[in-house]
Amino acid sequence: MKKRLILIAVATLLPWLPGLAGANPPAATVMQETTPSETQDEKKQEEPPADPVLTEFQSIEAEFQQAMADWQQRVRASNVKTREEAEPFIKERKEFVAKSTSKFLEFTQKYPRHEKAFDCYLFVAQNSEDASVKKVALQKLIADHTNHANFSQVLLALAFDMPSQENLDGLQAIFERAEDPQVKGLAQFYLGKSMFDAKSNADAYLNDESIKSQLDPASIAFLEKAKEFEEADYLEILRKAASDFPDVDVMGQKLRVVTEKLLYEIEFLSVGKVAPEIEGEDLDGEAFKLSDYRGKVVMLDFWGDW
Amino acid sequence: MYPHERSLVKQLAGKPFAIIGVNSDRDLDVLKERIKEENITWRSFWCGEEGTGGPIPSAWNVQGWPTIYILDEKGVIRFKGHGGDLDGVIAKLLAEMGHQVQIKHEDESTDDGEGKGSDGE
């Protein structure tokens, strides 16, 4: 484990270089829609000529993929270890992402009804660092595309973003508009979970100057509000999700199972609850209990040297 | 991580404070060597040979390592996270018990128990 946080569910080794992990590069979803050029050539012989608008989209996409691939290669070669060293790379990435964002948005303005408009908005929702642009893209996706085959990508973008009022409203809107139970179930689950996460983290974020100083006034106002969320409200949302959508897939597990674990966490392992007992042995094999330490402030540290 | 915790144990000796680890290393012999090398001065539960999949982390639904809980003297969870201003929380809870403390660390490493990703990314 050394000095890294390893999330078993989501692995990102260098969060300030999000394109580097490679496991889920932003272009991945966009790539799924693309046919490799060889197959396209074969297709040309059987079908009407290639859609020039599609070709236009593909060239914007290819430009981004190329820029990303070049950048990833150079980052790896440079062996970046600190945030300071990463700064020029972060700046560069912002620039080519912003450039591609403009081009994708231009495409949506020229061809609002084309099927690739979804991919353009998804790219913007996942990658743009301009909050207002991102918001517009999300609104378009929710208003017009909840039935798209890849719509769950939008859900995930909302679910794993920093909790905000817009993200909660977005999840609620998706839940109401979507017809696919997979999408509805996920939206309801992540709505409940996001409310719990926001409330859980609100105090920690607001009391930590190094985090608070990076938040804008709207985020701070939202976190203040989140502190007052009623546990009963998000418990009800999660229980409904588990009973109405038990078999929906949540990152490889059934929603019902994931929700049970989350409900247990909310009920017994959240701030304000009396910690469950631990009975076990120390490294010398001596039995002891967590409750042996009542009367003291205890820092309970789940750690490993690995 | 270790320097920060060693420092806390030292500074708060004599105060009603304890660090209790829940260790997920699978090889106990190797671990004991490392305990000596790193001068790890606080007690830990051992998760057993299943490590991160052992009964204690499973019961506590631990998904990220490290995960830190801070409990007050009644056993109530007052903080849960992966890093952040642990010193501030600990000082506040000790103050609630009437113990005013100033927590300062020498030779602070850049990694004060914070994993990367603990800033919300």
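Q: What is buried area?

A: Buried area is the accessible area (1.4 Å probe) that two parts lose on being put together, summed over both. In this predicted model, chain A and chain B bury about 5700 Å² between them, with 61% of it on carbon and sulfur atoms. A:Met299, A:Phe302 and A:Trp303 supply 17% of the area that chain A buries against chain B, more than any other three residues.

Q: How many residues of each chain are in contact?

A: Contact means heavy atoms within 4.5 Å. By that rule, 56 residues of chain A are in contact with 65 residues of chain B.

Q: How many salt bridges are counted between chain A and chain B?

A: Side chains of opposite charge can pair when their charged atoms come close. A salt bridge is a side-chain nitrogen of Lys or Arg within 4 Å of a carboxyl oxygen of Asp or Glu. Between chain A and chain B the count is 4 salt bridges. One of them joins B:Arg43 to A:Glu286, the closest N and O atoms being 3.7 Å apart. Over all chains, the count comes to 25 salt bridges.

Q: Which element gives the largest share of the side of chain A that touches chain B?

A: Strands (E, at least two residues) are DSSP runs, as are helices (H or I, at least four), numbered from the N terminus. The largest share, 7 residues, comes from β6(A). Two strands pair if DSSP finds at least two bridges between them. Here β6(A) and strand β4 (residues 67–71) of chain B pair in the antiparallel sense over 5 bridges, and A:Asp301 stands opposite B:Ile68 in β4(B).

Q: Why is the pair of A:Phe64 and A:Phe123 given its class?

A: Rings of Phe, Tyr and Trp (its six-membered ring) pair if their centres lie within 6.5 Å; planes under 30 degrees apart count as stacked, over 60 as edge-to-face and the rest as tilted. The structure holds 20 aromatic pairs over all chains. The ring centres of A:Phe64 and A:Phe123 are 4.7 Å apart and their planes are at 80°, so the pair is edge-to-face.

Definitions and conventions: Residues numbered from 1 in each chain as written. Chains lettered and ligands numbered in written order. Predicted model: local features only at pLDDT ≥ 70, side-chain atom pairs only at ≥ 80, totals over all residues. Heavy atoms only, no water.
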